Amino acid sequence: MKKNLILILLALMAISGKAPAQKAPDFQIYALRIGAMAYKTPVAMWSQDPASKDSVSGVFSFWLLKGSNGEKYLVDAGFRNGLKEAAELSVSYIIRPDSALLQLGIRPEEITDIIITHPHWDHINGVTFFPRAKVWIQQKDYHYFANDAWQSKDSSHTGFTREDVQALQQLTTSNRLAFIDGDNKTILPGITVFTGARHTYESQYVRIGSGKDAVIIASDNIWIYNSLEKNLPAPTYGTFDQAGQVAAIKRMKTMVADPRFILPGHDGAMYDRFEKISENTIRIK
């Protein structure tokens, strides 16, 4: 009798076009450091905190998500060596993103999806290293990055490069560019993106998992731990909306059981807070 009921239920699902909800995989999450600033910089350059006399070791990272279902995703894609934008910030290049993954036994063609938090060169320039990956980006962020930012002579396109615009445009011809429309969107099983901090026109942050197991990759929606711990925005040049960024920081804290699992984009202290796999790779969980 029970078997017959199950068969009837499955048949009804097939007729209605619905299937049982897909269980989200568990993820191993890694941060990989591919660059570092040659000198420490004042906290006030990263966080709207003029009272702080501390300094920060600025680093450049991307993140690997290894699913229990065998899938391998990236959050951001790093950048290649030799960019003048990196030289202007005195960034010491450590390793190419694809080479960093090879050290973990992962070939670049195994990466199926890359979630771009925002299209600044240090987060997007490496997409060309991953020949099979679909690249996810907020639609409004892409439109501003590829079009509006270049229409004025001011600093609207600071952090953007024409090379990266062309790289994303080329992805559209192979159906490898996926647009996300707005806040609180689950784009892959277990992976949800959120907007509101506006580091770029419509930057996003990424939640992996949910409940007590959730991890948030804030990327540049929180530059450093000082902003996370004190609910402070970046200086005005780091966000379109300081109040929106503070609201986003507070919102992130409601999504995780422990704020330790909110990961800022450029604070070298992150590499001292988690399990060290190698000098430039840590495992978050």
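A residue is called buried when its relative accessible area is under 20%. By this criterion, Asp-141, Tyr-142, Tyr-144, Phe-145 and Ala-146 are buried in helix H5, which spans residues 139-146. The structure described here is a predicted model. The cover over the buried residues of H5 includes helix H4 (121-124), strand S8 (134-138), helix H6 (162-173) and strand S9 (177-180).

The axes of the two helices, H5 and H6, are 10 Å apart and meet at an angle of about 130°. H5 and H6 are therefore oblique to each other, and their crossing is left-handed. On the H5 side, Tyr-142, Phe-145 and Ala-146 take part in the contact, and they meet Asp-164, Val-165, Leu-168 and Gln-169 of H6. An α-helix has 3.6 residues a turn, so residues three or four places apart point the same way.

Tyr-142, Tyr-144 and Phe-145 form one aromatic cluster together with Phe-160, Phe-179, Tyr-201 and Phe-240. In total, the structure holds 16 aromatic pairs. A pair of aromatic rings is described by the distance of the centres and the angle of the planes. Two pairs illustrate this description.

In the pair formed by Phe-194 and Tyr-205, the ring centres are 5.6 Å apart and the planes lie at 20°; because planes under 30 degrees apart count as stacked, this pair is stacked. Phe-194 belongs to strand S11 (residues 191-195) and Tyr-205 to strand S12 (residues 204-208), so that the pair links distant parts of the chain, 11 residues apart. Both Phe-194 and Tyr-205 are buried.

In the pair formed by Tyr-201 and Phe-240, the centres are 5.8 Å apart and the planes lie at 85°, so the arrangement is edge-to-face. Tyr-201 is located in the loop between S11 and S12, whereas Phe-240 is located in the loop between helix H7 (225-230) and helix H8 (242-255); the pair therefore ties together parts that are 39 residues apart in sequence. Tyr-201 is partly exposed, with a relative accessible area of 33%, and Phe-240 is also partly exposed, at 43%.

The charged end of Arg-33 sits over the ring of Tyr-271, at 4.2 Å from the ring centre. The charged end of Arg-273 is placed over the ring of Tyr-225, at 3.6 Å from the centre of that ring.

Backbone geometry was considered next. Most residues other than glycine have a negative phi. Ser-90, which is not a glycine, has a positive phi near 55°. This residue, Ser-90, lies in the loop between helix H2 (84-88) and strand S6 (91-93), and its relative accessible area of 31% makes it partly exposed. Asn-231 likewise has a positive phi, of about 55°, although it is not a glycine. Asn-231 is found in the loop between H7 and H8 and is partly exposed, with a relative accessible area of 25%.

Met-37 counts as buried, at 16% relative accessibility. The C-alpha atoms of Met-37 and Val-56 are separated by 9.7 Å, the two residues being 19 residues apart along the chain.

Key: Residues numbered from 1 in each chain as written. Predicted model: local features only at pLDDT ≥ 70, side-chain atom pairs only at ≥ 80, totals over all residues. Heavy atoms only, no water. Phe/Tyr/Trp six-rings, centres within 6.5 Å; stacked < 30°, edge-to-face > 60°. Helix = DSSP H or I, 4+ residues; strand = E, 2+ residues; numbered from the N terminus. Buried < 20%, exposed > 50% of the residue type's maximum accessible area, 1.4 Å probe, protein only. Lys NZ or Arg CZ within 6 Å of the ring centre and 35° of its normal. Contact = heavy atoms within 4.5 Å. Axes fitted to C-alpha atoms, helices over the stretch in contact; angles between N-to-C directions. Parallel < 35°, antiparallel > 145°, perpendicular 65-115°, else oblique. Left-handed = near helix turned anticlockwise from the far one by under 90°.
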